[in-house]
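Dear colleague,

Please find below the structure that I am handing over to you.

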Amino acid sequence: MTLLRVEKVTKRFGSLTAIENVSLTIEPGELRAIIGPNGAGKTTFFNLISGLFPPSEGRVRLDDQDVTALSPEERVRRGMARTFQITEIFPELSVIENLRVAVEMAEGHSLSAWLSPASKRAVNNRLDQLLTTGNLTGKTDVRVGALSHGDQRAAEIMMALALKPRLLLLDEPTAGMGDQETYNVAQLVRRLHRREGLTIMLIEHDMRVVFNLADRIMVLGEGRVLAEGTPQEIAANEDVQRAYLGEVAK
Ligand SMILES: Nc1ncnc2c1ncn2[C@@H]1O[C@H](COP(=O)(O)OP(=O)(O)OP(=O)(O)O)[C@@H](O)[C@H]1O
Ligand SMILES: [Mg+2]
């Protein structure tokens, strides 16, 4: 079954058309990158998929069910989670406190102080798993605001993972990072895809990350699909080179 099907979505903000007639399908197990210049509409496209606002036209289907009118929370319940271009995390809380909020919410405990021993064990096991997956076991009690950029992003991705998504949307996970941190975050994304079998959509400016990770790439320009294909096809596409890759190489 197709996991995500976006059908001819358009999003207008007043006279500006940020996304115009964009369609895409994501099969389970894919790792799809969305690239394009600043202002191309990439984040807007994610906002439409995750339900932050409705499209002006078009539909979004998850598991072949129309979710266009559903809230972001309902989409999370149905298996979608995302991270934002600007890290969204509680900087004053420690790594484990941040993750605990996400895990307890995902388990439906809503911050209850009175968990049964079995529930407590389940939460703690899940926390251990997330800390291991995110390579954060040594930083459990560090305040998130004091972590490196890369570890903050890892913690944020683990918070999204706590929601047990089948489809994970990552908006520029390596934004503003140096080479080593970029590499670490890219490795984390690869592990989530390969080991946890997660289906991932990734907005990314770093072409090394894109071409290393993605099975397929969609290129957006001025709200429209410029090209769609494998990394090899995209690298060889002259329209894309003119519109985008050439810019990057300059
Ligand atoms: N909520 C909004 N209200 C009005 N205009 C918006 C809104 N969100 C985005 N836009 C506009 O839509 C266009 C696309 O923006 P978007 O943030 O989707 O681009 P992007 O491809 O993610 O860019 P970047 O690479 O800089 O993150 C821009 O012109 C932006 O100013
Ligand atoms: Mg953006």
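I begin with R32, which sits in strand β3; strands (E, at least two residues) and helices (H or I, at least four) are DSSP runs, numbered from the N terminus. Please note that this is a predicted model, in which local features need pLDDT of at least 70 and side-chain atom pairs count only at pLDDT 80 or more, while totals for chains, interfaces and linings use all residues. Residues are numbered from 1 along each chain as its sequence is written, chains are lettered from A and ligands numbered from 1 in the order in which they are written, and side-chain values use heavy atoms, with hydrogens and water left out.

R32 has a relative accessible area of 3% and is therefore buried (under 20% relative accessible area; exposed is over 50%, partly exposed in between; 1.4 Å probe, protein chains only). Its side chain makes a polar contact with the side chain of E228 at 3.0 Å (a pair of N or O atoms within 3.5 Å; within protein, one must be able to donate a hydrogen and the other to accept it, and residues adjacent in sequence count only if both atoms are side-chain atoms). The side chain of R32 also reaches the backbone oxygen of T25 at 2.9 Å.

Helix α6 (residues 179-194) has 16 residues. Its buried residues, among them V185, L188 and L192, pack against β3, α4, α5, β7, β8 and α7.

Finally, which residues come nearest to ligand 1? They are G39, K42, T43, T44 and Q85, of the 14 residues around ligand 1 (a heavy atom within 4 Å). A polar side-chain atom of K42 lies 2.7 Å from an oxygen atom of the ligand. An oxygen atom of ligand 1 is 2.8 Å from a polar backbone atom of G39, and an oxygen atom of ligand 1 is 2.8 Å from an N or O atom in the side chain of T43. Helix α1 gives the most to the shell around ligand 1, with 3 residues.

With kind regards

Note on methods
Expected span 1.5 Å × (residues − 1). Contact = heavy atoms within 4.5 Å.
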